Amino acid sequence: MIFLVFSLVFSSSIISQVTCLGEIIFALNAGGDSYTDSNGIRYRRDYLSDGVASDYGRSLDIKRVPAQDKLLYQTERYSPETFSYSISMPSNDAEYVLWLKFSEVWFNAPNLKVFDVALNDAIILKDLDIYANVGRGVAHDEIIPFQIRKNKLIVEGKSYPFNGEIKVEFIKGDLDNPKINAIVVMKGTPDQVPKLAPNEPEEPEDDDDLLENELDEFEENEEENEQIKARRQMRQMQEKQEEVKKPSKKKTYEFEEEVEDPYAADESSYLIPILVTLGAFIPILFCLCKLK
């Protein structure tokens with residue numbers, strides 16, 4: 001009995017979740033093939049030829065969505081130029097929701113991919129930066145309500161011309177390429193759109209933790225510096241000791257004992273040339289005197 005009650009409650013919750021969706025007018029898996037998500041929405045294959053269809057996101061495990069819905073955020077269409085999808089709409093007046101699915105699968109920082117999105121002539125998303133909103137590899141939905149009234153498109157209280165179709169335009173900006181992962185147009189209101197799971201980014205450290213970590217790093221660096229100094233001083237002492245132990249490599253010279261010169265103190269050796277010169281000069285002088 002308890003099991004039967006639990007089954008009925010569980011089934012009713014699933015039914016209420018499914019039936020809460022409005023009428024799906026259009027659904028497209030950008031850059032990918034036809035696909036059915038966990039809500040039973042059937043997405044058509046991407047037919048656009050503008051830009052590039054990419055499944056690079058398959059390398060990432062997309063967060064915030066059930067496993068069955070990850071594919072919708074892994075495939076995408078992007079373009080180096082502005083591109084758009086034209087979607088036929090019912091002729092009757094009603095409330096609608098434009099449900100855009102995004103996921104940043106390439107960049108790892110904000111302010112690298114930023115672009116606008118327009119619905120007919122109305123800018124509905126200005127300076128959209130997916131990474132700045134949720135980070136990389138995380139599902140991000142944008143829900144834009146609009147109305148069709150008396151052949152007018154009404155967005156945020158302003159009316160625009162309507163000729164039976166809407167144009168969802170992804171406008172090229174200065175920072176990289178515009179993109180889209182999936183598009184849904186639903187007849188209904190925003191509260192009927194299933195919500196994504198809460199985004200749980202990594203919690204930043206508070207100031208006390210940061211200060212404590214910085215102090216720890218400073219102390220560790222001081223200890224390392226002291227160890228380096230101690231090792232350096234020890235090495236210098238070892239080198240000095242090795243220099244003392246090693247024999248000197250300087251070249252030494254051996255000098256013979258000096259021997260006294262026996263003629264060093266004898267001055268007669270200096271007089272001999274003088275005496276010889278005088279002996280030769282005196283006869284010459286004598287002869288000159290006789291000639292006179």
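In what order do the strands of the open sheet of three strands stand? The order is S4-S5-S14, with antiparallel pairing.

The structure is a predicted model, in which local features need pLDDT of at least 70, side-chain atom pairs count only at pLDDT 80 or more, and totals for chains, interfaces and linings use all residues. Residues are numbered from 1 along each chain as its sequence is written, and side-chain values use heavy atoms, with hydrogens and water left out.

**Figure 1. The protein as a whole.** The secondary structure comprises five helices and 15 strands; helices (H or I, at least four residues) and strands (E, at least two) are DSSP runs, numbered from the N terminus. Of the 292 residues, 31% count as buried. Here buried means under 20% relative accessible area, exposed means over 50%, and partly exposed lies in between (1.4 Å probe, protein chains only). The protein exposes about 20400 Å², of which carbon and sulfur atoms supply 54%; such areas come from the Shrake-Rupley method with a 1.4 Å probe, and for residues only the protein chains shown count as cover. Among contacts with a separation of 6 or more, 73% are between residues 24 or more positions apart, where contact means heavy atoms within 4.5 Å.

Figure 2. Two strands are said to pair if DSSP finds at least two bridges between them. Strands of a sheet pair through backbone hydrogen bonds, either parallel or antiparallel. The edge strands of this sheet are S4 (52–54) and S14 (179–180), each of which pairs on one side only. Strand S5 (residues 76–78) is joined to S14 by two bridges, and the two run antiparallel. Within this pairing, Tyr 78 stands opposite Lys 179 of S14. Lys 179 also forms a salt bridge with Glu 76, with the closest N and O atoms 2.4 Å apart. This pair links distant parts of the chain, since Lys 179 is in strand S14 and Glu 76 in strand S5, 103 residues apart. A salt bridge is a side-chain nitrogen of Lys or Arg within 4 Å of a carboxyl oxygen of Asp or Glu. Lys 179 counts as buried because its relative accessibility is 1%; Glu 76 is likewise buried, at 7%.

**Figure 3. Pairing of strand S1 with S15 and S3.** Strand S1 (residues 23–29) pairs with strand S15 (residues 182–187) in the antiparallel sense over six bridges. In this pairing Phe 26 stands opposite Val 185 of S15. S1 also pairs with strand S3 (residues 42–45), here in the parallel sense and over two bridges. Leu 28 stands opposite Arg 44 of S3.

**Figure 4. Further salt bridges.** The count of salt bridges in the model comes to eight. Side chains of opposite charge can pair when their charged atoms come close. One example joins the side chains of Asp 116 and Lys 126 (3.3 Å, N to O). Asp 116 lies in strand S8 (residues 114–119) and Lys 126 in strand S9 (residues 122–128), so the pair ties together parts that are 10 residues apart in sequence. Asp 116 is buried, with a relative accessible area of 13%, whereas Lys 126 is exposed at 59%. Another salt bridge links Asp 55 with Arg 58, the closest N and O atoms being 3.5 Å apart. Asp 55 is partly exposed because its relative accessible area is 43%.

Figure 5. His 140 lies in strand S10 (residues 139–149). Is this residue, His 140, buried or exposed? His 140 is buried, as its relative accessible area is 9%. Leaving aside neighbours within four places in sequence, His 140 is in contact with residues including Arg 64, Tyr 73, Phe 102 and Leu 196. A polar contact of 2.8 Å joins the side chains of His 140 and Glu 142. A polar contact is a pair of N or O atoms within 3.5 Å; within protein, one must be able to donate a hydrogen and the other to accept it, and residues adjacent in sequence count only if both atoms are side-chain atoms.

**Figure 6. A nonpolar patch on the surface.** Ile 274, Leu 275, Leu 278 and Ile 282 form this patch, with about 410 Å² of accessible area together. Patches are made of residues with over 30% relative accessible area and no salt bridge; like charges are joined within 9 Å, and nonpolar side chains (Val, Leu, Ile, Met, Phe, Trp, Tyr) within 5 Å. Ile 282 is found in helix H5 (residues 268–291) and is exposed, with a relative accessible area of 56%.
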